[in-house]
Amino acid sequence: MEKLMRLISMAPLLLLLCLPCAFAGHDYNQALSKSILFFEAQRSGYLPHNQRVTWRSNSGLNDGKASGVDLVGGYYDAGDNVKFGLPMAFTVTMMSWSIIEYGKQMAGNGELGHAMEAVKWGTDYFIKAHPEPNVLYGEVGDGNTDHYCWQRPEDMTTDRHAYKIDPSNPGSDLAGETAAAMAAASIVFRRSNPAYSTELLRHAYQLFEFADKYRGKYDSSITVAQKYYRSVSGYNDELLWAAAWLYQASNNEYYLNYLGRNGDSMGGTGWAMTEFGWDVKYAGVQTLVAKFLMQGKAGVHAPVFERYHQKAEYFMCSLIGKSGRNIQKTPGGLIFRQRWNNMQFVTSASFLATVYSDYLTSSRGSLKCAAGNVAPSELLSFAKSQVDYILGDNPRATSYMVGYGNNYPRQVHHRGSSIVSIKVDTKFVACRQGYATWYSRKASDPNVLTGALVGGPDAYDNFADERDNYEQTEPATYNNAPLLGILARLGGGHGGYNQLLPVVVPAPNPVVAKPKPAPKPKSTPTPASSSSPITIEQKMTTSWNDKGKTYYRYSTTVTNKSYKTLKDLKLSISKLYGPLWGLAKSGNSYGFPTWLNYLPAGKSLEFVYIHSTSPADVSVSSYNLA
């Protein structure tokens, strides 16, 4: 860790509706499986019975005890044994975003269950780390004492002090990113574990309010983080980022308005970015808000959202060399930001390019760059080129993913990987002994850190596979997290669905580890403008051409996800340009059809409409649960 650091277009309609086609060359599905496996090697706490990385064992079992709180669990960020909250939260946000966009492809590869388990390992920890609305534990252990030792996590003798933020010692960036992670994860579990999803969203609401009300940088409160994860960008980007994810998770207009009112003053529309990562979130915010704009959700905030959109396009154009200020690349074609763990920026930027390409395709749009308009496919080709470089298509013919291919890093800067497994040799490895016996050992790691994405080559494609070369050989969870989505997309194809329709993450099949029966949710009312008890799923069921115009039939399913009877439902439907069947119109809203007075718990109703453009905007205006 040693670092400071609109629907389917008419022209390609047949292409998009064909069966998914995987890209040739690399085995992206295998790489996806390995990438997810890496997270099991980073687990802290009591390992589950279905743990697949068998050379690891339980660790950090007293975390939080001295502070009177249970902080057992979570992830070690990289090659050390510290639990840093900010990068961990970003990791969970990006894993969740990967599943939200490409969960169908992961399910087709049999990896959705594992990916969701990886998210839940993080969110279970965040629930523990957030014991009160305005208290959040943001670090366990500290880099200084941890880096003095080279020990397996199972042998740790280093200080495990727990550090928190609260109203007197705020951390808007940390609380904001954790709110984003919880909100994004709530979408992931909405279908398979609705009670857990509701719990995550409740924490996200509280954390955002805490972050917004008590402003401050987290590393001014948790000063031990400054040397390792300093918040250089401040907290405005995380507040906007959290608001974007809370809007996506809840449809609560408060958060959409927050993005509209604060976009200019908090930098969302001002910063033209060429990087995206655990510290700087502006490009991610701009990408999400551009999506909302394409979905027709901007409303009165359209002028502001258009400015976010322009900055998102600036970022995308800079990736493919068609901006006024382009991102540097190595001679071999890898984007290069810094010598210290450069790969984190490669995967994060490539993920944004991947999703933005699909957003543009779904909205029949193109990328507008200084050098002219660019087809969405060029962004996806860029992301593919970066992944192919990572997997071995580079001047050194080296795979920078451990365990993929034949030529990959063997001396990874990682304590657990470099020291013999405690299951093989139970003899205690002391603090400094690890450096003498294992760190300096010029041999391959005894434990293969399968799926780990290391820091990668320098600006000239050079790389030294040496354990002490931490700038290049250390992996990190936030290197892998965005990669999951890109690999799922490349391995599974698109499948012909509209990336701008409401998200439905399929239930994992098979379920690897069944969760305990979900408790009945508390009777705390959901905010009036939140649609969390009601889901709306739209899909195009058919299309046809008449007199040169293409018409689409949409089926919309409204489901009562609560444990109560849904009554007095009022839906707002805008951008509808054709006939609708299955609802009764009353004034400016739509309600139950005349033959239906209520919707029991767990039941759904369906209505259909036909028009010749992108799906209409459907949202919940009001309802009663009885």
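The model is a predicted one, and the values given below are computed from it. Three positions, His413, Asp465 and Glu474, carry the feature "active site" in an unreviewed UniProt entry, and although they span 62 residues in sequence, no two of their C-alpha atoms are more than 10.2 Å apart, so they gather at one spot.

**Annotated positions**

- His413 is placed in the loop that runs between helix 15 (376–390) and helix 16 (415–418), and with a relative accessibility of 1% His413 counts as buried, because the cut-off for that class is under 20%.
- A polar atom of the His413 side chain lies 2.7 Å from the backbone oxygen of Arg467.
- Glu474 likewise sits in a loop, in this case the one between helix 18 (470–473) and helix 19 (477–492), and its relative accessibility of 3% puts Glu474 among the residues that count as buried.
- The Glu474 side chain reaches the backbone nitrogen of Gly79 at 3.0 Å.

**Buried residues in helices**

- Ser250 belongs to helix 10, which covers residues 236–250, and at 1% relative accessibility Ser250 counts as buried.
- Ala290 and Glu306 are 16 residues apart along the chain, and their C-alpha atoms are separated by 7.3 Å.

**Strand pairings**

- Strands of a sheet pair through backbone hydrogen bonds, and this pairing can be either parallel or antiparallel.
- Three strands form an open sheet in the order 1-2-3, and their pairing is antiparallel.
- The edges of this sheet are strand 1 (83–84) and strand 3 (162–165), each of which has a single partner strand, so one side of each is left without a neighbour in the sheet.
- Strand 1 pairs with strand 2 (residues 136–140) in the antiparallel sense over two bridges, and Phe84 has Glu139 in strand 2 as its bridge partner.

**The largest cavity**

- Rolling a probe the size of a water molecule over the atoms shows where empty space is left.
- The volume of the largest cavity is about 50 Å³.
- The residues that line the largest cavity are Thr274, Glu275, Phe276, Ile327, Ile335, Phe336, Arg337, Phe345 and Ala349.
- Sorted by class, this lining consists of six nonpolar residues, one polar residue and two charged residues.

Notes. Residues are numbered from 1 along each chain as its sequence is written. This is a predicted model: local features need pLDDT of at least 70, side-chain atom pairs count only at pLDDT 80 or more; totals for chains, interfaces and linings use all residues. Side-chain values use heavy atoms; hydrogens and water are left out. On a 1 Å grid over the protein atoms alone, a cavity is a set of points where a 1.4 Å probe fits but cannot get out, and a pocket is an open set with protein on both sides within 12 Å along at least five of seven lines; lining residues have an atom within 4 Å of a point. Grid points are joined across faces, edges and corners, and a volume is the space filled by probe spheres set on the points. Ala, Val, Leu, Ile, Met, Phe, Trp, Tyr, Cys and Pro count as nonpolar, Asp, Glu, Lys and Arg as charged, and the others, Gly among them, as polar. UniProt positions are given in the numbering used here, feature names are shortened, and annotations may be inferred rather than shown by experiment. Helices (H or I, at least four residues) and strands (E, at least two) are DSSP runs, numbered from the N terminus. Buried means under 20% relative accessible area, exposed over 50%, partly exposed in between (1.4 Å probe, protein chains only). A polar contact is a pair of N or O atoms within 3.5 Å; within protein, one must be able to donate a hydrogen and the other to accept it, and residues adjacent in sequence count only if both atoms are side-chain atoms. Two strands pair if DSSP finds at least two bridges between them.
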